[in-house]
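I opened this notebook to record what I looked up about aromatic rings and their surroundings. The entries follow the order of my searches.

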Amino acid sequence: MEKLFLLDYKVKKKIVEISLAAVGVMFRKLSRRCPEMKAELSDWNPGRRFTLGVLPDGPAATFEYTGTEVKHIGRGVKDPDVAIYFKNIDSALLVFTGQIGAHTAAIQCRTAIHGDLVHAMQMVRAMDIVVAYLMPGFMHGPLFKRPPKMGFKEQLLKTGAMLELPAGLIFNAVK
Amino acid sequence: MNTSLFEFYCPVKIISGALALSSLPYEMRSAGVTRAMVVTDAGVKGAGLISILENAFDGSGCDIGCIYDETPPDSAHTTVNQVAQLYREHKCDCFVAVGGGSCIDTAKAANIVVSEDTDDLMKFRGADRLTKPTRPLFVAPTTAGTGSEVTLVAVINNTEAGVKMAFTSPRLCPTAAFIDPRMTLTCPPKITAATGMDALTHAIEAYYCLQKNPISDSLALTAIRLIMRSLIKCVENGKDENARLDMANGALAAGMAFSNSMVGVVHALAHATGGICHVPHGVANAILLPYGMENNLDMRAGVIAELAPHLCSVPAQGGDAQRAQAAIQAVRDMTAKLNKLCGLPLKLSDAGVARDKLEAIAKASINDGALTYNPEHVTAADALRILEQAF
């Protein structure tokens, strides 16, 4: 796994870009279908924008809550209300390859938050739901303090979301 | 692959002990400044502590440009703008905060306004948003609790938006902190108890929360030793200078520890309890600390057990679970003693919290960043359960 971090920056950047696009696809699906995500988003104001990215000028993606769903509105930083940035590309890789969870990245000072901290906490909880659906169950242990319990309905939703992922990735890649 | 990593940062020069504040002008000149904007409150001024500061400037070649003594108990953004305005009008070149957390945080936030040359503090909310070097900030705490004299955090109440804004940046760290026992001698027993328990909570949560590291551990344990040795003495006899110095150093060490390892569920709940029911932060921490420790027993019994020798006599028999329970009981014994000595509340109901507010407090607490660092995952339901236990 250490060899991953010796890859060329361009390769690492591409891995993170694809991961961000996948987060966008999953966010949209879950914001429409997942009751847990809908409950989490119920406190969000429509139009709220958030960015996930890598400092200083690394890959980034911005998302917007429309009131009914979370949309990937494109690559880059697009006037977000709150943003969570990885301090370097290696820290982003640790998270996007499932080696550490988002909370561990924060604990290890690998991320910086720009904007309202309450919104950031809400964003992190929503991200946790996305990660639970995006990552296979056997990887959940180190990613969560309390790994989510996923029953039949959740597994069904996860399967559906994974089937939609390739088309969604292509769609998000051209934005 | 071992993926662990920690950061530790504390660039604050510490001058601690007898007549420490007399060194302020020397430190100002060392930082290349000579004209101070003093931020304090009416209580500090009324206790005569500003005259100690003024005496320190005699014959020093430095002077006080302006004294602002109307800082409210909860630092407000309007106050911050007023202080920044006075700083500019009186052509000051540094800030001196004399007081508790509110005065220190007000000075830190006014420093943002002045240094970033802005009139919109809101733009700088969050972490690492400051782009320009800040002006030198010197701090003389008059309570032993918040640790704000060594932290990179400021919390300001936006009274218009009804939210507490948190700012964190290494640039917010003071230039120097003056721990002068003269400055805490007049602190009343109940405030001494509440702020002291705030410091103990910083140290204990810093020790068992997830961002702990070897350096913060050593500071947290030092803080616990000093606080356990001297908090009761300070409440019994506020004029005991040695005990006061212990407490001030303990609060400072706890501040350095938690500024780098952060805090957990106790602080998340205390922030929300303060925001919704206006319970003083130290009082809320004192009430919630044993319940927060219990909440983390499943994940952290071994680490909490390590605290036992520093909090009480360790049980001869038994494993981590018994020692962790002994540590929690020692905290309960401490708050019970403080309750007898000065009426420090033991339950949320005693502190004026209504039962019908618990749900709102629980809901607000899960949006507090401190929960990120708590070992146990905490949902709104978990938070409500802890609050009900503490009610």
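Entry 1. I count a residue as buried when its relative accessible area is under 20%. The model I am reading is predicted.

Entry 2. I then looked at Phe27(A) and Phe63(A), whose ring centres are 6.0 Å apart and whose planes meet at 45°, so I noted the pair as tilted. This pair links distant parts of chain A: Phe27(A) belongs to helix H1 (residues 9-33), Phe63(A) belongs to strand E2 (residues 60-65), and 36 residues separate them. I checked burial next: Phe27(A) has 0% relative accessibility and counts as buried, and Phe63(A) is buried with 0% relative accessibility.

Entry 3. I turned to chain B, where Tyr87(B) and Phe95(B) form a stacked aromatic pair. I noted 4.5 Å from centre to centre and 15° between the planes. Phe95(B) has 0% relative accessibility, which is under 20%, so I recorded this residue as buried. Tyr87(B) is buried, with a relative accessible area of 4%.

Entry 4. I asked which residues form one aromatic cluster. I listed Phe27(A), Trp44(A), Phe50(A), Phe63(A) and Tyr65(A) as its members.

Entry 5. I looked for charges over rings. I found Lys212(B) over the face of Tyr207(B), at 4.0 Å from the ring centre. I also found the charged end of Arg332(B) over the ring of Tyr291(B), 4.9 Å from the centre of that ring.

Definitions and conventions
Residues are numbered from 1 along each chain as its sequence is written. Chains are lettered from A and ligands numbered from 1 in the order in which they are written. This is a predicted model: local features need pLDDT of at least 70, side-chain atom pairs count only at pLDDT 80 or more; totals for chains, interfaces and linings use all residues. Side-chain values use heavy atoms; hydrogens and water are left out. Rings of Phe, Tyr and Trp (its six-membered ring) pair if their centres lie within 6.5 Å; planes under 30 degrees apart count as stacked, over 60 as edge-to-face and the rest as tilted. Helices (H or I, at least four residues) and strands (E, at least two) are DSSP runs, numbered from the N terminus. Buried means under 20% relative accessible area, exposed over 50%, partly exposed in between (1.4 Å probe, protein chains only). A charge sits over a ring if NZ of Lys or CZ of Arg is within 6 Å of the ring centre and within 35 degrees of the ring normal.
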